[in-house]
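Here is a short note for someone opening this model for the first time. Please keep the sequence and the 3D view side by side while reading.

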Amino acid sequence: MSRKMKNKVVTNLKIERIAAEGKCVAHHEGKVVFVNNVAPGDVVDVRITKGKSSFMEGEAIAFHEYSKERVEPFCSHFGTCGGCKWQHINYELQKTYKRQQVLDQFTRIAKVAIPEVLPIIGSSHTQYYRNKLDFTFSNNRWLTREEINSGKSFERNALGFHIPKMFDKIIDIENCFLQGGISNEVRNRLREFALENGLSFYDLRNQVGLLRNLIIRTTSTDETMVIVQFGENDRDGIERVMQFLKLNFPSITSLLYIINLKKNETFHDQEVITYHGKDYIEEKMEDLKFRIGPKSFYQTNSEQAYELYRVAREFADLKGEEIVYDLYTGTGTIANFVAKQAKAVIGIEYVEAAIEDAKLNSIVNGLDNTSFYAGDMKDILKVEFLKNHPKPDVIITDPPRAGMHEDVVKMLLRLEAPKIVYVSCNPATQARDIALLAEKYVIDKIQPVDMFPQTYHVENVVRLTLKS
C-alpha cells in the first residue's frame, strides 16, 4: 500500500505542527505525513514522495490557505539554499517549537521525571549572527528551473553553498544574511575578480581548478580572518588572488591560504600559510580573550555562545573550591570561562590542535589552574587517569552531536560527581545519555538556548544532581 501512495497527490491537507528536524506534520487516513517548507496552519496539496507502513513524506505542490504564523522570507535564496529553512515562520513561533523539541525528546527518549523546561533564551539578532561561513567555488552552478526552461546560456561558475544532498551543485550567493561585516563584499568582489581574470573555479567531480574554498571568520572585536583554499599549486594565480584581497580589504587582520590537493576540503592536516597580518583573530567574552586560529573551533554565534556558557556556569554553581572536569573541551572555552570560580579545571578533548589552543588561551588570560589532555574521551577517562588526578566535584560535558560514548557514560556513573552539567547541540542524543545517567542522577534544571535563528537547531543545557 505504501508504494501505491508514492506520487499520489493528497489534497487540502492541514499542516498541524512542527516535528523533529524542522519537518512539519499532517495526517492522512490515519498516517503521519511529513512535509518540508510549510508552516503550521497551511492548507496544501501534497505529492507523496516516500511511503512507509507507519508514515509518509511529501512535498507541497499547491497552497489553498496560508498560515497566520507565516512571515515573508527576507532572503532571495530561501527555498533553494537550505541554510535558513525557517525564514517563513515568525521568530516567536520558532522559539516555541525549539523549546517543544527539547520537551518531546526528553519525554520520548529519556523517559525520566523532568522539571519544567525553562523558557528558551532567544537571540537578540536573528540575522547576521554567525562568525564563520564556508563558501565553495564551483564551475557547475545550480540553475533554477526557470533558467533551464528559458533556453538561454548562463555563467556556470559560482561561489556559494552546496545545494542540499547535491555535492557537486553550488548555488551562487549574492547576499547572505548569516554573516555581517565585510563577508558579502569579500565574496562577491573575489568572484568578480576571478571571472574578470579567467581564474578557474573548482570542478568538484574531476577535482581540478585553482579556486576551491573561501572561509570568512569575524569577531565582536572587529577582526576578520579570510582563508582561501586553492586546488592547484599555481604560484602566479595564488599571488594574484591574495594580493587582490590584501589591497582591496585592508580591514582583514588575518589573511591566510592553503594549497589543498586532496580529494576533500578538510584542512586539519594541511599547512596554513599566513600571507598578511596575524595567524589568528581574537574574541572577547567578559574579561577573557580567546585566540582563534584557522583550525580552531569556536561557537559560530559569539553572542549566544556567551549566553550558553553563562548558563553552564550558573548551573555549575561553583564556590571556588571545586575540581571541575570539562569533557569535550574543544579549545577550552568553557574551561577557561569557569576557571576563576573553581579550584582547578581539567579539560579533555580529542583534537590535539584544539588542546594546544586551550593551553594558549589559559596563558593569554593568566589562568594557572587549568590543565588539558588530548585523546579519545573513552580512552583517556579511565581508572589510570583518575589515579593521577583529583576526583571531580562538577563535570561539564559538551559532546558532539552524536553524544557521549557509552563507556564515557559508564565512567561518569562510576565517578559519582555531585553535579553534571550537560551541554548539547542535539537534545535527542542528550536525552539518550541522560536516560542512562538516570541510574544515579536526577534532572533539576533544563535550559534551551537558541544559537541558530531561522533553523530548527537548538542547544540545551541540563543540570543533573547525584541522588542522595
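The points below go through sheets, helix packing, and a salt bridge.

1. Ground rules. This is a predicted model, in which local features need pLDDT of at least 70, side-chain atom pairs count only at pLDDT 80 or more, and totals for chains, interfaces and linings use all residues. Residues are numbered from 1 along each chain as its sequence is written, and side-chain values use heavy atoms, with hydrogens and water left out.

2. The six-stranded sheet. Helices (H or I, at least four residues) and strands (E, at least two) are DSSP runs, numbered from the N terminus. Two strands pair if DSSP finds at least two bridges between them. An open sheet of 6 strands runs in the order β1-β5-β6-β4-β3-β2, with mixed pairing. β1 (9–14) and β2 (17–18) are its edges; each has a single partner strand, so one side of each lacks a neighbour in the sheet. Inside the sheet, β4 (residues 31–36) and β6 (residues 55–65) are parallel and share 5 bridges. V32 has F55 of β6 as its bridge partner.

3. The term means a side-chain nitrogen of Lys or Arg within 4 Å of a carboxyl oxygen of Asp or Glu. The count by this rule is 26. One of them joins E59 and R47, at 3.2 Å from N to O. E59 sits in β6 and R47 in β5 (residues 43–51), 12 residues apart.

4. A hairpin. Strands β8 (residues 158–163) and β9 (residues 166–172) run antiparallel, joined by 4 bridges. H162 has I170 of β9 as its bridge partner. The hairpin has 2 residues between the strands, and K165 takes a positive phi near 70°.

5. The seven-stranded sheet. A second open sheet has 7 strands in the order β18-β17-β16-β19-β20-β22-β21, again with mixed pairing. Its edges are β18 (370–374) and β21 (441–449); each has a single partner strand, so one side of each is left without a neighbour in the sheet. The twist averages 15° from one strand to the next. Axes are lines fitted to C-alpha atoms, for helices over the stretch in contact, and angles run from 0 to 180 degrees between N-to-C directions. β16 (residues 323–327) and β17 (residues 344–349) are parallel over 5 bridges, and I323 has A344 of β17 as its bridge partner.

6. Contact means heavy atoms within 4.5 Å. α2 lies across β21 and β22 (459–466), at about 155° to β21. Helix α6 (residues 302–316) lies across β19 (394–397), β20 (419–424), β21 and β22, at about 5° to β22.

7. α2 against α12. Which helix axes come within 9 Å? Those of α2 (residues 91–110) and α12 (residues 427–437) do, crossing at roughly 35°. Contact residues in α2 include V102, F106 and I109; those in α12 include P427, A431 and I434. The contact divides into 9 nonpolar, 3 polar and 1 charged. Here Ala, Val, Leu, Ile, Met, Phe, Trp, Tyr, Cys and Pro count as nonpolar, Asp, Glu, Lys and Arg as charged, and the others, Gly among them, as polar.

8. α4 against α5. Helices α4 (residues 183–196) and α5 (residues 235–248) pack at about 135°, with axes 11 Å apart. That makes α4 oblique to α5 (under 35 degrees is roughly parallel, over 145 roughly antiparallel, 65 to 115 roughly perpendicular, and the rest oblique). V186, R189, L190 and F193 of α4 meet R240, V241, F244, L245 and N248 of α5. By class, this contact has 6 nonpolar, 1 polar and 2 charged residues.
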